[in-house]
Amino acid sequence: MNTDLLKELNPAQRKAAEAISGPVLILAGPGSGKTRVITYRIAYLVGTIGINPHRILAVTFTNKAAREMRERLEKLLSGSVKDMTLGTFHAICAGILRRDGEAIGIAKEFVIFDADDQEKLMKQAALDADIDPKKFPVGKIAAAISQAKSQMVTPDKFKEQGKSYFDEIVGRIYERYEKMLAQNNAVDFDDLLLKTVFLFKRKPEILKRYQERYLHIMVDEFQDTNLVQYELVKLLAGQHRNIAVVGDPDQSIYSWRAADLRNVFNFERDFPDASIHYLEQNYRSTARILEVASNVIADNRERKAIKLWTQNEPGEPVCLIEAYNEQEEAQLVVREAERLTFAKKYRLNDIAVMYRTNAQSRALEEAFIRYGVPYKLVAGTRFYERREVKDLIAYFRLIHNPADSISLMRIINVPPRGLGEKSLVEMQAWAREKGISFFEALDIASASTEKPTMAARALASFDIFFKMIQGFIADSKTLPLLELFDRIMEKSGYQVYIKAQPDGEERLENIGELHTVAEPFNALPPGEALSPFLESVSLVSDVDNLDETEGGVTLITLHQAKGLEFPVVFIVGLEEGVLPHFRSFDDPAQMEEERRLCYVGVTRAKRRLYLLRAFRRSLMGGSMTNEESRFLKSIPAHLTTAAASKDEPVQPLVPLQKKLYQYAERPAQPAPFVPASPPSGAVISRTHVRATPPAFKTGDQVKHAVFGDGVVISTLPVKDDTEIVVAFKTVGLKKLLLSFARLEKA
DNA sequence: GCCTCTGGATTTTTT
DNA sequence: ATCCAGAGGC
């Protein structure tokens with residue numbers, strides 16, 4: 001290989017790349033070339049030191065990052081590195097469980113349940129445990145269980161530690177849920193990590209095999225790993241201890257997913273001999289952008305200060321824009337995008353628009369469509385969440401793993417086969433009575449004289465369905481994947497069915513898309529393609545599919561934007577309540593994370609940065625006004641300009657309407673404080689109010705003595721009170737306690 | 001058993 | 001505002 005490889009690095013980068021023995025902690029600011037360091041480090045290990053790629057393990061945050069790193073390495077080394085283990089934690093663990101999971105009772109055909117499957121299973125688990133899923137929203141339960149799993153808390157431990165009534169409910173569902181996952185021969189996302197750790201702890205001989213194999217281990221985005229992931233890393237590195245982790249505490253934005261910043265600090269404790277490297281020179285952004293970023297993040301207290309600097313030119317001032325509402329905000333983005341590209345200075349590909357919540361993408365999309373500017377929406381209605389795609393995958397999953405009752409229930413009557421609720425419940429009860437899976441029950445009912453009591457017609461339908469799936473299972477062992485695909489589409493009647501649906505053509509196109517996704521697996525021998533195909537569709541993320549070669553402006557959440565860079569970045573919704581998000585208002589730690597999120601967004605920009613906010617924003621039908629984001633207040637005025645720059649010709653391709661507003665609607669004064677008069681003149685005590693709490697629910701129009709009219713966003717029972725979040729027309733979002741807030745229905 | 005309507009929830013971020 | 005699940009009618 002090219003022995004001058006390391007000359008392309010600056011001294012700090014080079015030292016970090018060459019520190020190949022023992023534990024290494026690399027603290028790398030945004031744009032400091034950390035991906036470059038990891039890549040060169042591996043190239044150095046393989047090309048110069050002569051390490052077999054088979055002995056290297058590298059963990060990335062997304063599949064896309066893994067793919068790109070592999071490509072770069074193949075170029076650098078002008079050879080294949082396919083033996084190297086390179087991927088996300090989830091993908092790597094799925095592989096380990098596929099190979100060795102049987103040692104802890106996970107059959108090879110296990111399937112990975114996504115959030116949707118999980119919720120369905122949890123609903124069943126709740127019903128089984130005599131808990132009304134309506135009273136305890138599965139979403140919240142799922143979050144609690146995921147949190148527990150990410151901290152390696154088993155159902156038993158969870159029940160022991162539980163403090164509240166809610167915990168008790170979760171504990172009961174958690175326990176049941178785990179059993180049902182096992183019955184379905186399924187694992188959820190958290191299990192991929194957790195079960196792998198469990199495997200290593202239970203089977204030291206298997207751990208030893210992996211420990212010996214991985215001479216060098218690298219973990220990127222270490223600040224966003226959780227406890228289980230760190231545990232896994234420590235286990236794997238236990239033998240050779242050549243472990244390099246790379247991260248930036250200022251870019252830690254996944255604590256809600258149980259990522260634990262303490263991992264970075266604990267690394268130094270757990271590996272006291274670790275060498276620490278700082279990468280502080282930024283090569284990405286203009287000096288002005290970098291200074292804006294530094295000012296934004298400087299207001300955080302909990303930091304391990306990385307001092308960023310750059311030799312880059314100052315560049316343009318950062319542009320601050322206030323729009324009237326989100327429609328105008330979007331329009332201004334589109335207009336500016338057109339202006340930048342019209343001068344041929346930038347291509348649409350160079351531009352990204354970033355936002356806090358997915359809901360914000362809507363107004364943007366509408367504007368891009370209206371003005372005919374091409375865009376790429378990173379999340380949208382996620383491809384793999386489309387009904388028709390999920391249906392077809394359910395067929396594949398059932399064929400692969402007949403124990404998967406969630407998939408079975410999804411498709412047994414799609415297309416309609418005359419199997420309604422009643423027959424299904426009946427068959428399910430029968431299966432449960434016998435202690436077998438739904439599919440096994442179908443088998444027995446089909447093959448023997450023993451049948452559940454129900455209409456002969458339903459039994460016949462079950463029989464036909466069972467034989468069809470059995471036929472597919474046989475086909476799956478002899479046919480290439482795509483032929484199996486086509487056969488399922490045809491024989492199940494799904495093709496005809498979906499085409500007849502509203503939007504049938506579009507849905508069929510989506511299935512065509514899935515067909516394309518399956519293509520690369522077609523070359524695998526029949527019977528061996530299904531498993532990797534299903535695994536890859538389970539583990540893809542939205543950013544994985546972001547195509548840089550396709551022309552268009554990228555619309556992306558701030559979270560998804562981590563690790564990416566663009567010459568031009570627009571961040572929209574810099575308002576109190578949006579960024580920072582109002583859910584973080586009463587938790588300083590969460591507020592710091594919001595600030596980091598803003599920092600991540602700002603540091604994505606190479607040359608041009610636009611920070612936008614809207615004076616008025618609609619939310620769930622209602623509308624409200626927000627103050628400017630506190631993050632904007634961290635930015636010194638001399639770095640910014642209020643107007644779009646003038647160095648490009650002002651000649652939008654599509655004429656835009658003139659500004660729609662004169663701030664006529666801006667409230668003159670906050671409403672004067674008028675104490676609400678008690679209905680009967682009597683003083684209302686807290687207890688009195690609580691004794692007759694008016695029931696508010698989401699969507700209710702309410703009136704507050706001080707804040708005026710608003711709409712209820714959410715209610716949450718806390719202790720012996722209720723916390724209500726209301727979006728007020730004039731003052732934005734407020735979190736109120738029912739017992740104190742004198743709220744009236746309007 | 002299938003279709004239509006309505007009430008309720010939904011919007012924080014995702015491998 | 002919009003989407004979904006469950007209820008009720010055909």
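Strand S16 (residues 605–619) and strand S17 (residues 622–625) run antiparallel and are joined by four bridges. Strands count as paired if DSSP finds at least two bridges between them. Helices (H or I, at least four residues) and strands (E, at least two) are DSSP runs, numbered from the N terminus. Ser618 has Ser623 of S17 as its bridge partner. S16 and S17 form a hairpin, with two residues between them. Met620, in the turn, has a positive phi of about 45 degrees.

The model is predicted: local features need pLDDT of at least 70, side-chain atom pairs count only at pLDDT 80 or more, and totals for chains, interfaces and linings use all residues. Residues are numbered from 1 along each chain as its sequence is written, chains are lettered from A and ligands numbered from 1 in the order in which they are written, and side-chain values use heavy atoms, with hydrogens and water left out.

Chain A has 27 helices and 23 strands. Of its 746 residues, 54% count as buried. Buried means under 20% relative accessible area, exposed over 50%, and partly exposed in between (1.4 Å probe, protein chains only). A contact means heavy atoms within 4.5 Å. Among the contacts in chain A with a separation of 6 or more, 75% come from residues 24 or more positions apart.

The largest nonpolar core has 53 residues. Such a core is a set of buried Ala, Val, Leu, Ile, Met, Phe, Trp, Tyr and Cys residues joined through side-chain atoms within 4.5 Å. Leu392 and Phe396 have the most contacts inside this core. Helix H20 (residues 456–478) gives the most to the core, with nine residues. Leaving aside neighbours within four places in sequence, Leu392 is in contact with Phe485, Ile488, Met489, Tyr494, Ile511 and Leu514. Another core, of 45 residues, lies apart from the largest one. Its residues include Ile96, Leu97, Tyr214 and Phe271.

A search of the whole structure finds 18 aromatic pairs. Rings of Phe, Tyr and Trp (its six-membered ring) pair if their centres lie within 6.5 Å; planes under 30 degrees apart count as stacked, over 60 as edge-to-face and the rest as tilted. Phe61 and Tyr254 form a tilted pair, because their ring centres are 5.2 Å apart and their planes stand at 50 degrees. Phe61 lies in the loop between strand S2 (56–59) and helix H3 (63–77), and Tyr254 in the loop between strand S7 (243–247) and helix H12 (262–270), so the pair ties together parts that are 193 residues apart in sequence. Phe61 is partly exposed, at 23% relative accessible area. Tyr254 is buried, at 7%.

The pair of Tyr210 and Tyr214 is stacked, because the ring centres are 6.5 Å apart and the planes are at 25 degrees. Tyr210 is buried at 3% relative accessibility, and Tyr214 is buried at 4%. One aromatic cluster is formed by Phe222, Tyr230, Phe267 and Phe271.

Charged groups also meet rings. A charge sits over a ring if NZ of Lys or CZ of Arg is within 6 Å of the ring centre and within 35 degrees of the ring normal. The charged end of Lys562 sits over the ring of Phe61, 3.7 Å from its centre. The charged end of Arg98 sits over the ring of Phe110, at 3.9 Å from the ring centre.

Helix H11 (residues 227–236) is largely enclosed by the rest of the structure, because eight of its ten residues are buried. Among these buried residues are Tyr230, Glu231 and Leu232. Asn226 caps the N-terminal end of H11, with a side-chain oxygen 3.0 Å from the backbone nitrogen of Val228.

Ser285 is found in the loop between strand S9 (281–282) and helix H13 (287–298). Ser285 counts as buried, at 1% relative accessibility. Beyond neighbours within four places in sequence, Ser285 is in contact with Leu290, Thr310, Asn312, Thr603, Ala605 and Lys606.

Thr557 is found in strand S14 (residues 553–557). Thr557 is buried, with a relative accessible area of 7%. Its contacts, leaving aside neighbours within four places in sequence, are with Tyr355 and Asn358. The side chain of Thr557 reaches the backbone nitrogen of Gln560 at 3.1 Å. Such a polar contact is a pair of N or O atoms within 3.5 Å; within protein, one must be able to donate a hydrogen and the other to accept it, and residues adjacent in sequence count only if both atoms are side-chain atoms.
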